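Dear colleague,

Please find the structure below, handed over for your records. My findings follow it.

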Amino acid sequence: MRHLTVDELRSRATRTDEPYNEWLRVPAMSSGLYVLEPGAVDQQQPHNEDEVYVVLAGTAQFSGGDETATVGPGSVIFVPTLEPHLFHDISERLEALVLFAPSETA
């Protein structure tokens, strides 16, 4: 078993300049915390894996496929394999738990 609190994930994220901080990787899935500051540009590209975001803090717009939605704490977003998507118009520090299945390859 691996166990971390959200506060521990946040603490790990503050020790790096990288927006994505992975904490778990096994063949079937990987997971990390994605942090974007207000005004940041989301640089991610479509992934080869299905993906779920659980927004823990902050507010932003999220565009995926042909849809755009306002997201904030409690939002849960599913993005299928290879679908273009991104966070934008980030108005508060955005923190999202990210789950990839299978494990992210890039």
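I begin with one glycine: Gly72 touches Val55, Gly58 and Thr59, leaving aside residues up to four places away in sequence; contact here means heavy atoms within 4.5 Å. This is a predicted model, in which local features need pLDDT of at least 70 and side-chain atom pairs count only at pLDDT 80 or more, while totals for chains, interfaces and linings use all residues. Residues are numbered from 1 along each chain as its sequence is written, and side-chain values use heavy atoms, with hydrogens and water left out.

Gly72 is located in the loop between strand E5 (67–71) and strand E6 (76–79). Helices (H or I, at least four residues) and strands (E, at least two) are DSSP runs, numbered from the N terminus. Gly72 counts as buried because its relative accessibility is 9%; buried means under 20% relative accessible area, exposed over 50%, and partly exposed in between, with a 1.4 Å probe and protein chains only. The C-alpha atoms of Gly72 and Leu97 are separated by 12 Å, the two residues being 25 apart along the chain.

In E8, Leu97 stands opposite Val54. Strand E3 (residues 50–57) and strand E8 (residues 94–101) run antiparallel and are joined by seven bridges. E3 is also joined to E6, by four bridges and again antiparallel; Glu51 has Val79 in E6 as its bridge partner.

Five strands form an open sheet in the order E1-E2-E8-E3-E6, with antiparallel pairing. Strand E1 (20–26) and E6 stand at the edges with a single partner strand each, so one side of each has no neighbour in the sheet. From one strand to the next the twist averages 20°. Helix H1 (residues 6–13) lies across E1, strand E2 (29–36), E3 and E8, and runs at about 120° to E1. For such angles, axes are lines fitted to C-alpha atoms, for helices over the stretch in contact, and the values run from 0 to 180 degrees between N-to-C directions.

A further pairing involves strand E4 (residues 60–64), which runs antiparallel to E5 and is joined to it by five bridges. Ala60 stands opposite Val71 in E5. E4 and E5 form a hairpin with two residues between them, and Gly65 in the turn has a positive phi of about 60°.

Leu82, a residue other than glycine, has a positive phi near 70°. Leu82 lies in the loop between E6 and strand E7 (85–88) and counts as exposed because its relative accessibility is 52%. Asp89 is not a glycine either, yet has a positive phi of about 50°. Asp89 lies in the loop between E7 and E8 and, at 58% relative accessibility, counts as exposed. The peptide bond from Ala101 to Pro102 is cis, with omega near -10°, and Pro102 is found in the segment after E8.

Finally, the second largest pocket is lined by residues including Ala13, Thr14, Asp17, Val35 and Arg93. A pocket is an open set of points on a 1 Å grid over the protein atoms alone, where a 1.4 Å probe fits, with protein on both sides within 12 Å along at least five of seven lines; lining residues have an atom within 4 Å of a point.

With kind regards

Conventions. Two strands pair if DSSP finds at least two bridges between them.
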